[in-house]
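Thanks for coming, everyone. Let me put the structure up, and then we'll walk through it.

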Protein chains: 2
Amino acid sequence: MNILVTINSNYIHPLKVMLHSLFINHSNDKFCIYLMHSSLKDRELTMLNNFIESRNQQLKIITVDSDQFANAPVVKHFSVEMYYRLLAYKFLPPSIDRVLYLDPDMIIINSIRELYYLDLTGYLYAAAYHDRTPITNINKLRLKPYNIKAYYNSGVLLLNLNEQRQKISEKKIFEFVEKNKKKLILPDQDILNGLYSKQIKNVEETLYNFDARFYYYYKMVSKNKVDMDFIINHTAIIHFCGKKKPWYKNYYGSFHSLYKHYERQVNLS
Amino acid sequence: MNILVTINSNYIHPLKVMLHSLFINHSNDKFCIYLMHSSLKDRELTMLNNFIESRNQQLKIITVDSDQFANAPVVKHFSVEMYYRLLAYKFLPPSIDRVLYLDPDMIIINSIRELYYLDLTGYLYAAAYHDRTPITNINKLRLKPYNIKAYYNSGVLLLNLNEQRQKISEKKIFEFVEKNKKKLILPDQDILNGLYSKQIKNVEETLYNFDARFYYYYKMVSKNKVDMDFIINHTAIIHFCGKKKPWYKNYYGSFHSLYKHYERQVNLS
């Protein structure tokens with residue numbers, strides 16, 4: 001399976017935890033990790049390569065030069081890295097037809113095979129939308145002229161690369177950003193939803209993009225179907241969304257002990 | 001290392017989770033598990049034996065006949081099993097000089113070697129007391145005539161068997177129970193504290209008998225020293241004290257996800 005990650009130096013540690021959890025829970029699968037970056041140092045890349053190779057998996061590094069985004073509009077304090085997952089199809093080898101983008105602030109605790117091999121005919125992406133109504137409505141309102149169907153989270157994003165090579169236009173993305181500069185809060189996610197929301201296949205968030213902040217909410221709205229048993233046995237991806245991260249001091253949450261458990265295995269390795 | 005457990009059928013599942021966590025976090029250690037029981041069925045014993053042998057560890061079964069406790073006073077709804085950990089020295093082979101008793105409602109996530117090999121010269125036991133002052137004071141008051149030094153939790157109890165064979169008297173224990181029948185709440189623990197509290201070597205509860213209900217309390221009183229990082233890296237034994245157990249529906253707590261993680265590994269094995 002092809003995995004895409006895009007990080008800077010601050011996210012090396014969480015990336016290792018995420019990849020470790022992915023590998024350990026897919027002992028019979030082979031992964032090729034595509035790492036798109038512009039600022040990692042050679043020793044950091046070597047360390048990541050050793051980390052991944054020692055687990056019998058493969059790393060492919062895609063170093064992006066800033067001049068490749070010379071004509072991209074810049075938004076507030078965001079770097080051009082915000083475009084990486086949207087324009088990845090231009091940087092990945094033409095021979096691969098799909099890749100699963102994953103944020104580094106996650107642990108993967110069950111198989112992602114069903115997600116990865118999803119039928120994407122006619123879709124550019126697959127993603128989960130975080131369906132807590134008030135938030136979704138605010139986002140819909142904010143991007144109103146684009147008549148979005150749902151507000152998808154871009155932290156887990158399955159890319160249909162063949163379709164994207166034909167249908168996504170860098171120019172259109174840059175125009176969208178130029179036009180909406182002031183409205184954008186999470187630029188990559190806003191672009192995704194503003195431009196492509198109708199071409200995104202929906203996947204179940206409690207399985208593939210479980211927002212760790214909302215355990216009690218999921219449990220309640222599912223009438224206790226999505227309880228800790230369900231999650232540990234079925235949820236593939238737990239996503240530590242938001243500003244508070246489980247590798248920070250003073251984080252609290254239902255999955256803190258589990259995150260620290262995986263993190264420790266990385267520290268010991 | 002010698003481990004003592006005493007369960008009935010209701011605790012087979014948690015026992016397996018506890019033992020699994022013990023074995024997996026002591027990959028270089030050998031254990032002999034002594035199981036004292038009076039009511040487990042043959043097929044349950046066979047299943048436990050297979051479970052333990054498949055992990056290259058050893059089970060020794062000690063079946064206790066009820067007539068061996070014919071003259072023991074009975075307290076309320078408690079069975080004579082309440083005496084097992086206190087009188088284990090009579091049932092264990094004379095060749096072994098120490099054993100670590102463990103409750104089944106625990107997970108063992110770091111090494112217990114330092115606890116197990118503690119110098120017990122002059123002590124009958126080693127245990128941790130759960131030092132939340134109001135509770136301790138109530139217990140001290142309740143058992144006042146016995147002038148107890150601290151109220152130890154009997155869920156993790158290192159037994160100095162040589163010393164016990166010389167100094168513990170079954171008769172004294174039965175007399176104590178007869179005399180205090182109406183006061184006893186957790187009989188084994190009350191006996192331990194009422195009769196032997198001065199001969200118990202204290203071990204650090206945050207390392208060897210971490211009460212899972214009190215994460216925030218430990219974190220606060222330790223001024224953030226005992227945070228999730230500390231626990232995952234140093235705490236050996238997490239004890240799910242109290243009536244709410246992590247294998248029940250509707251349990252909530254900081255270590256629920258971690259417990260379920262270990263439980264799942266057992267279910268898959």
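At what angle do helix H7 and helix H8 of chain B pack? Before I answer, one caution: this is a predicted model. Now the answer. H7(B), residues 170-180, and H8(B), residues 187-196, pack at an angle of about 110°. Their axes are 11 Å apart. The two helices are therefore roughly perpendicular to each other.

Who meets whom there? From H7(B) come Lys172(B), Ile173(B), Phe176(B), Val177(B) and Asn180(B). From H8(B) come Pro187(B), Ile191(B), Gly194(B) and Leu195(B). Sort the residues of this contact by class, and you get six nonpolar, two polar and one charged.

Stay with H8(B) for a moment. How many of its 10 residues are buried? The count is 10 of 10, so the helix is mostly covered. Among the buried residues are Asp188(B), Gln189(B), Asp190(B) and Asn193(B). Others on that list include Leu192(B) and Tyr196(B).

What do they pack against? The partners are helix H3 (84-91), strand E6 (125-129), strand E7 (152-160), H7 and strand E8 (200-202), in chain B.

H3 is on that list, so look there next. H3(B) is mostly covered too, with six of its eight residues buried. Those are Tyr84(B), Arg85(B), Leu86(B), Leu87(B), Ala88(B) and Tyr89(B).

Keep Ala88(B) in mind, and go to the core. The largest nonpolar core has 153 residues. Which members touch the most others? They are Ala88, Val99 and Ile107, in chain A and in chain B. As background, in soluble globular proteins nonpolar side chains tend to be buried together.

Now Phe91(A). Phe91(A) sits in helix H3 of chain A, residues 84-91. With 14 C-beta neighbours inside 10 Å, Phe91(A) counts as partly exposed. Buried would take 20 or more, and exposed would mean 12 or fewer. Beyond four places in sequence, Phe91(A) is in contact with Met36(A), Ile62(A) and Val64(A). Then there is Tyr34(A), 57 residues from Phe91(A) in sequence. In space, C-alpha to C-alpha, Phe91(A) and Tyr34(A) are 9.9 Å apart.

On to the two chains together. How many residues of chain B are in contact with chain A? There are 14, and they touch 14 residues of chain A. Two elements of chain B give two or more residues to that side: helix H11 (228-234) and helix H12 (256-268). The largest share, six residues, comes from H12(B). By class, chain B's side divides into four nonpolar, five polar and five charged.

How do the copies relate? A rotation of 180° with 0.0 Å of shift along its axis superposes chain B on chain A, with an RMSD of 0.0 Å. That is the relation of a two-fold axis. In chain B, the C-alpha nearest the axis belongs to Leu258(B), 2.4 Å from it. The same surface serves both copies: 100% of chain B's contact residues recur in chain A.

Leu258(B) takes us back to H12. The axes of H12(A) and H12(B) come within 6 Å and cross at roughly 60°. That makes H12(A) oblique to H12(B). Ser257(A), Leu258(A) and His261(A) meet Ser257(B), Leu258(B) and His261(B).

Last stop: two asparagines. Asn250(A) is not a glycine, yet has a positive phi of about 70°. Where is Asn250(A)? Asn250(A) lies in the loop between strand E10 (237-239) and H12 of chain A. Asn250(A) is exposed, with 9 other C-beta atoms within 10 Å.

Asn224(B) also has a positive phi of about 70° without being a glycine. Asn224(B) is found in the loop between helix H10 (215-221) and H11 of chain B. Is Asn224(B) buried or exposed? With 11 C-beta neighbours inside 10 Å, Asn224(B) counts as exposed.

That's the tour.

How values were computed:
Residues numbered from 1 in each chain as written. Chains lettered and ligands numbered in written order. Predicted model: local features only at pLDDT ≥ 70, side-chain atom pairs only at ≥ 80, totals over all residues. Contact = placed C-beta atoms within 7 Å. Helix = DSSP H or I, 4+ residues; strand = E, 2+ residues; numbered from the N terminus. Nonpolar A, V, L, I, M, F, W, Y, C, P; charged D, E, K, R; others polar. Least-squares fit on C-alpha atoms with pLDDT ≥ 70 in both. Core = buried A, V, L, I, M, F, W, Y, C linked by C-beta atoms within 7 Å. Axes fitted to C-alpha atoms, helices over the stretch in contact; angles between N-to-C directions. Parallel < 35°, antiparallel > 145°, perpendicular 65-115°, else oblique.
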